[in-house]
Amino acid sequence: MKRSSPTVRSSRPLARAAARVVPAVLLTAAAVGLASPARAATYQVTGADSQGLAVQSEPHVNHVLRYVPNGTSLNVSCQINNGDQVDGKVYNGRPFTTWDQLADGTWVYDWYMNTPTVGADGYSPGVPHCGGGSLPPLAAGCVDWPSAKYLQTPLTSAANNRAGYAWQNGSHYGEGYHVSCNGPTRMNQYYAIDLGMNQGDPALSPGGAGTVLYAGWAPSGWETCGQYVVVDHGGGWWSVVCHLSAIHVSKGQRITNDTVIGAVGGTGGFAPHLHFSLVYNASLTAAGGVYGGQSARPRHLLHLGGGQGYYDTITKGQQVWY
Ligand SMILES: [Zn+2]
């Protein structure tokens with residue numbers, strides 16, 4: 001992971017590969033018999049250019065505090081795999097967005113560290129996930145989408161060249177229209193997410209396979225959803241996709257993980273993006289309105305093609321890889 005400045009391309013694409021054959025030096029506090037409250041382990045900077053590796057205040061580009069040269073030992077506390085992509089590198093078939101948080105709270109891009117090579121989940125084996133890798137407490141009145149049920153990013157398939165890219169945009173948990181967990185007269189969308197996609201992009205069903213309950217213009221009361229699709233995934237679990245510019249499925253149709261349900265748009269009065277939410281035990285009116293039930297938290301998303309993934313906390317403006 002080297003990185004001098006975000007705009008300078010690396011000339012050492014194999015730096016990571018070279019680093020991974022060298023056993024990481026694990027000089028932990030525990031190894032020398034001391035208390036280790038932060039569970040931090042020491043790794044070295046490798047492959048950086050003459051400017052060195054940027055130590056940053058956040059896992060985002062252009063927050064540089066200082067640069068440190070190759071060979072510098074840094075105390076890594078934990079990793080995230082949803083920081084900014086610094087320099088266009090791809091690993092395990094997806095952009096490299098792994099960042100290391102240091103014991104002092106600062107961040108470095110992981111590519112230029114000799115931490116263990118990241119797996120398909122975007123984390124180095126043995127390095128703790130920041131925040132313990134756990135989800136925050138469930139909002140009162142909401143429910144968790146069953147971990148056994150398949151979720152997917154709406155743009156990961158052959159239809160999207162298996163790009164697997166989602167850019168959370170505009171609003172997220174509890175913001176804007178995403179406010180209600182279990183209001184009896186509401187479309188409960190507390191855990192809805194807006195994914196930045198382009199007008200006309202083919203959209204898959206975020207909930208995966210199921211049966212289409214409704215496909216068309218949202219009825220009175222839900223006009224801001226524009227053209228939308230409601231899918232029944234069984235067991236009382238439904239998904240809702242809004243703002244489509246075109247719909248390619250119809251009521252009663254069985255769909256699979258690979259069915260393109262429509263095209264991304266901004267119907268309902270928004271800039272083009274894909275809004276999706278998950279609900280449990282809701283009701284559908286004859287006109288196609290979804291009412292009641294509980295907003296479901298879309299955890300444990302997987303990718304088609306990528307094979308593995310995690311749904312961690314999505315914060316506003318963050319790039320997300322599932
Ligand atoms: Zn939305």
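Two strands count as paired if DSSP finds at least two bridges between them. Strands here are DSSP runs of E with at least two residues, helices are runs of H or I with at least four, and both are numbered from the N terminus. What follows is based on a predicted model, where local features need pLDDT of at least 70, side-chain atom pairs count only at pLDDT 80 or more, and totals for chains, interfaces and linings use all residues. Residues are numbered from 1 along each chain as its sequence is written.

Start with the overall picture. Of its 322 residues, 45% count as buried, which takes 20 or more other C-beta atoms within 10 Å of a residue's own; with 12 or fewer a residue is exposed, in between it is partly exposed, and C-beta atoms are placed from the backbone. Two residues are in contact if their C-beta atoms, placed from the backbone in the same way, lie within 7 Å. Among contacts between residues at least 6 apart in sequence, 66% join residues at least 24 apart.

Now for the strand pairings. Strand S12 and strand S18 (residues 262-263) run antiparallel and are joined by two bridges, with Ala203 standing opposite Gly262 in S18. These strands belong to an open, antiparallel sheet of three, in the order S12-S18-S16. Its edge strands, S12 (202-203) and S16 (246-247), each pair on one side only.

Four bridges link S4 with strand S1 (residues 41-44) in the antiparallel sense, and here Gln44 sits opposite Ser73. Another four bridges join S4 to strand S7 (residues 99-102), again antiparallel; in this pairing Ile80 faces Trp99. In a regular strand, side chains alternate between the two faces of the sheet.

Then there are the nonpolar cores, meaning sets of buried Ala, Val, Leu, Ile, Met, Phe, Trp, Tyr and Cys residues joined through C-beta atoms within 7 Å. The largest one has 43 residues, and those with the most contacts inside it are Tyr228, Val229, Val240, Val241 and Ala296. Strands S11 (193-196), S13 (210-217), S14 (227-232), S15 (237-244) and S19 (274-280) each give two or more residues to this core, and S15 supplies the largest share, six residues. Apart from this core lies another, of 25 residues, including Tyr43, Leu53, Trp99 and Val118. As for Tyr228, its contacts beyond neighbours within four places in sequence are Ala218, Val240, Val241, Cys242 and Leu244.
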